[in-house]
Amino acid sequence: MSEKAKIYADVRKQIASVVAGETSVTARYATAACLLRDAFGARFFWTGFYVVDPLKPAELVVGPYQGTLGCLRIPFGRGVCGAAAATGETQLVTDVHAFPGHIACDSRSNSEIVVPVFDRAGTLVAVLDIDSTDFGAFDLEDKAGLEAICGDLLTA
């Protein structure tokens, strides 16, 4: 197991431990964003959640995050977060400037990974968005680690 995989496994356990029994989704997301940012430091320039707005179910609205100011709303299908919401699939982007329709919430972001979050019923409820100032900052190991964490987040 690589060092990065070990960090993901440890963070996954930490998040599960802290949120065990917690019924507030906001608290769960805030805990995950904080612990992920803490574990990976500067590589995780912006780490947080965009939540499906129950009043506008084709839009994401900013939720708990760590980092600079985030975009307030993102329509499904627009940018990296919107693509993840529309497809229900993780988006791994090595250069956000080459991504069609990219939304530049902070011009310092150069790469991004966005992971869908589903509830127990399998309904999309949010996306976890992580940006980096480095190009190519995320890989398949990040994808696996983050998908495991998001898989636990609302089902544990």
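Contact here means heavy atoms within 4.5 Å. This is a predicted model, where local features need pLDDT of at least 70 and side-chain atom pairs count only at pLDDT 80 or more, while totals for chains, interfaces and linings use all residues. Residues are numbered from 1 along each chain as its sequence is written, and side-chain values use heavy atoms, with hydrogens and water left out.

**Exercise 1. Find out what surrounds Glu112 and which side chain of opposite charge is nearest.**

Step 1: Glu112 sits in strand S5, residues 111–118 (strands are DSSP runs of E, at least two residues; helices are runs of H or I, at least four; both are numbered from the N terminus).

Step 2: list the contacts. Skipping neighbours within four places in sequence, Glu112 touches a set including Val80, Gln91, His102, Asp129 and Phe138.

Step 3: look for a partner. Glu112 is buried (under 20% relative accessible area; exposed is over 50%, partly exposed in between, with a 1.4 Å probe and protein chains only). Glu112 has no salt bridge, and Arg78, the nearest side chain of opposite charge, is 12 Å away (Lys and Arg count as positive, Asp and Glu as negative; His and the chain ends are not counted).

**Exercise 2. Work out which face of helix H1 is buried.**

Step 1: pick the buried residues. They are Lys4, Tyr8, Val11, Ile15 and Val19.

Step 2: look down the axis. The buried residues of H1 fall within an arc of 65°, so they line one face of the helix (the arc is that of directions from the helix axis to the C-beta atoms).

Step 3: check the rest. Glu3, Lys13 and Ser17 are exposed on the other side of H1, while the cover over the buried residues includes helices H2 (25–40) and H4 (140–153).

**Exercise 3. Trace the salt bridges of Lys4.**

Step 1: find the pairs. A salt bridge is a side-chain nitrogen of Lys or Arg within 4 Å of a carboxyl oxygen of Asp or Glu. Lys4 pairs with Asp139, with the closest N and O atoms 2.8 Å apart. That bridge ties the loop between S6 and H4 to helix H1, across 135 residues. Lys4 also pairs with Asp142, at 3.0 Å.

Step 2: check accessibility. Lys4 counts as buried because its relative accessibility is 17%, whereas Asp139, at 31%, counts as partly exposed. Asp142 is buried.

Step 3: widen the view. Lys4, Arg43, Asp139 and Asp142 form a network of salt bridges.
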